Amino acid sequence: MTDPSSFADLIQSAIDNKTKPLGALGQIETLAAQIAQIQNTLTPSAETCTLSIFAADHGMAAAGVSAYPSDVTAQMVLNFLAEGAAANVFAKTLGANVQVVDAGVAGPMIDHPHLVQRRIADGTQNAITGPAMTERQLQDTLAAGKEIGQAIETDVACFGEMGIGNTSAASLISAKVLERPIETLVGRGTGLDDAGLARKTALLNQASDRTEPLLDAATALREYGGFEIAMLCGAMIGASETGRIIIVDGFIASAAALCALQLYPDCRRHFIYGHRSAEAGHRLVLEALDATPILDLNLRLGEGTGAVLAWPIVRAAAAMLRDMASFESAGVSGPG
């Protein structure tokens, strides 16, 4: 096995000897080095990408934590399957594959040949008044996600989500794992006005008061997480185990990543953070992770949109290390 420290030196030497001034490609060089470490090669590839979108409903949505009704989750699943959502448009434009997963959408089962059916239950329970899911449901959800993550065959895995109420779940999970006041993580989500934001904050404080200020990742997911967040967490672990480059999306995906890092610490080397969203909670989570995202486009949509938009930059970073000439190969004089 290659010694990690010596291989890191080899990577840095290869980057430094490309036909450019030292460090001139900034964060691209950092990305290239990380990708080389993930794939254990000086000729890495990020040419292919799969976006997996996990959808599920939240029992707490009925209490008024979102500006939209829960029916929208199933409606958006159909929109994804019809290739009509922003995530579909971006993925198609960039050449990424898309798969949609029913992790626990409320209502009648959606019958569609391209839908990956992993429904755990008809949405979670109301996390404001009790645990969102049982321990068995949590383990089944993580296992299903892990299987989906392990089955991805492309160089890059992007993960998105859809679920009315899931910014509330992400706020509660992050608050508990990081032991932060819930007020520091609550945002407008799908577009709440001031009165809606105040109501959401009060309800999430009620939910938060049910449990201790600090929870481990598994307990936080069981108490507050949606099935889509827990399944996304499992998928990140599965994709890490099979050596994929993982581009982490926005706030909800980062809450899942926070949990995955605690459950399977080796995920860290596989995670590239796609963007910094407009959600205040996401900025706090990124700071806690000491993460430097690639893009900052004021996005707050989810669906994996920020992750898939970051993929071309990840692809370019891998290509730089693989294909760019060195001073020696190009016959260019290096620095004196």
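This is a predicted model: local features need pLDDT of at least 70, side-chain atom pairs count only at pLDDT 80 or more; totals for chains, interfaces and linings use all residues.
**Second largest pocket**

I looked up the second largest pocket and found 13 lining residues, with Gln34, Phe271, Tyr273, Ala291 and Thr292 nearest its centre. Its space is about 270 Å³, a volume being the space filled by probe spheres set on the grid points, which are joined across faces, edges and corners. Taking helices (H or I, at least four residues) and strands (E, at least two) as DSSP runs numbered from the N terminus, I saw that α2 (27-39) and β6 (271-273) each give at least two residues to this lining, and that α2 has the largest share, with four.

**Aromatic pairs**

How many aromatic pairs does the structure hold? I found two, where rings of Phe, Tyr and Trp (its six-membered ring) pair if their centres lie within 6.5 Å, and planes under 30 degrees apart count as stacked, over 60 as edge-to-face and the rest as tilted. Phe54 and Phe159 make a tilted pair, with 6.2 Å from centre to centre and 45° between the planes. Phe54 belongs to strand β1 (residues 49-56) and Phe159 to strand β4 (residues 156-162), so this pair ties together parts 105 residues apart in sequence. The ring centres of Phe271 and Tyr273 are 6.3 Å apart with the planes at 85°, so that pair is edge-to-face. I then checked burial (buried is under 20% relative accessible area, exposed over 50%, partly exposed in between, with a 1.4 Å probe and protein chains only). Phe271 and Tyr273 are both buried, Phe54 is buried at 0% relative accessibility, and Phe159 is likewise buried at 0%.

**Helix α8**

I turned to helix α8 (residues 217-224), where six of the eight residues are buried, so the helix is largely enclosed by the rest of the structure. The buried residues of α8 are Ala217, Thr219, Ala220, Leu221, Glu223 and Tyr224, and they pack against α5 (135-151), α6 (166-178), α7 (194-208), α9 (227-241) and α10 (251-263), contact meaning heavy atoms within 4.5 Å.

**Ile53 and Glu303**

Ile53 sits in strand β1 and is buried, with a relative accessible area of 0%. Leaving out residues up to four places away in sequence, I list among the residues that Ile53 touches Phe80, Val100, Gly160, Met162 and Glu303. Glu303 itself lies in the loop between α11 (280-289) and α12 and counts as buried at 4% relative accessibility. I noted for Glu303 a positive phi near 70°, in a residue other than glycine.

Notes
Residues are numbered from 1 along each chain as its sequence is written. Side-chain values use heavy atoms; hydrogens and water are left out. On a 1 Å grid over the protein atoms alone, a cavity is a set of points where a 1.4 Å probe fits but cannot get out, and a pocket is an open set with protein on both sides within 12 Å along at least five of seven lines; lining residues have an atom within 4 Å of a point.
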